[in-house]
Amino acid sequence: MEVIAMSLPVAIQLYSLRADAAADFRATLEAVKKMGYDGVEFAGLHGNSPEDIKTMCEEIGLTPISAHVPFAELLADTEKVLTSYKTIGCEYVVLPYLDAKYRETRRSSLRQLKKSPPSARPPTRSVSSSFITTTILSS
């Protein structure tokens, strides 16, 4: 029986490398690419502009997939957060967790997020055709 290996692009969550990214963002992206990763999920911009990060990813050859953003940051300036990651090229913004204070009011907090202007929202495709992504939001 012949086995055919399937090669899927793989992305890494930069939260795992947050200390490195904070010290030297570009060098971290370059190292990620050198390790063989095809894409990244961001965990903060570490003082870089969305435009600069988009350029870095293009130059290095990494695909921006998503960003995980703390709920408080998203609520504080929803339009800015969504616009920033849309500029970078992210298809998704992921809420990695809900603090206890938001769990009790999550329905009203989520309704507040839905009020963001459509122009600021990232595209809403279910799954990128190039990457398999799974997002779990626990209650």
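This chat goes through the aromatic pair and the salt bridges of a predicted model.

Trainee: Before we start, what should I know about the model and the numbering?
Mentor: It is a predicted model, in which local features need pLDDT of at least 70 and side-chain atom pairs count only at pLDDT 80 or more, while totals for chains, interfaces and linings use all residues. Residues are numbered from 1 along each chain as its sequence is written, and side-chain values use heavy atoms, with hydrogens and water left out.

Trainee: How many aromatic pairs does the structure hold?
Mentor: There is 1 aromatic pair, where pairing requires ring centres within 6.5 Å, and planes under 30 degrees apart count as stacked, over 60 as edge-to-face and the rest as tilted. The rings of Phe-25 and Phe-42 have centres 6.3 Å apart and planes at 20°, so this pair is stacked.

Trainee: And is Phe-25 buried or exposed?
Mentor: Phe-25 is buried, at 5% relative accessible area, and Phe-42 is buried too, at 0%; buried means under 20%, exposed over 50% and partly exposed in between, with a 1.4 Å probe and protein chains only.

Trainee: Switching to charges, how many salt bridges turn up?
Mentor: The whole structure has 3 salt bridges, each needing a side-chain nitrogen of Lys or Arg within 4 Å of a carboxyl oxygen of Asp or Glu.

Trainee: Which residues are linked in a network?
Mentor: Arg-26, Glu-30 and Glu-59 are linked: Arg-26 meets Glu-30 at 3.1 Å, N to O, and Glu-59 at 2.9 Å between the closest N and O atoms.

Trainee: What about Lys-54?
Mentor: Lys-54 forms a salt bridge with Glu-58 at 3.5 Å, N to O; Lys-54 is partly exposed at 33%, whereas Glu-58 is exposed at 54%.

Note on methods
Rings of Phe, Tyr and Trp (its six-membered ring) pair if their centres lie within 6.5 Å; planes under 30 degrees apart count as stacked, over 60 as edge-to-face and the rest as tilted.
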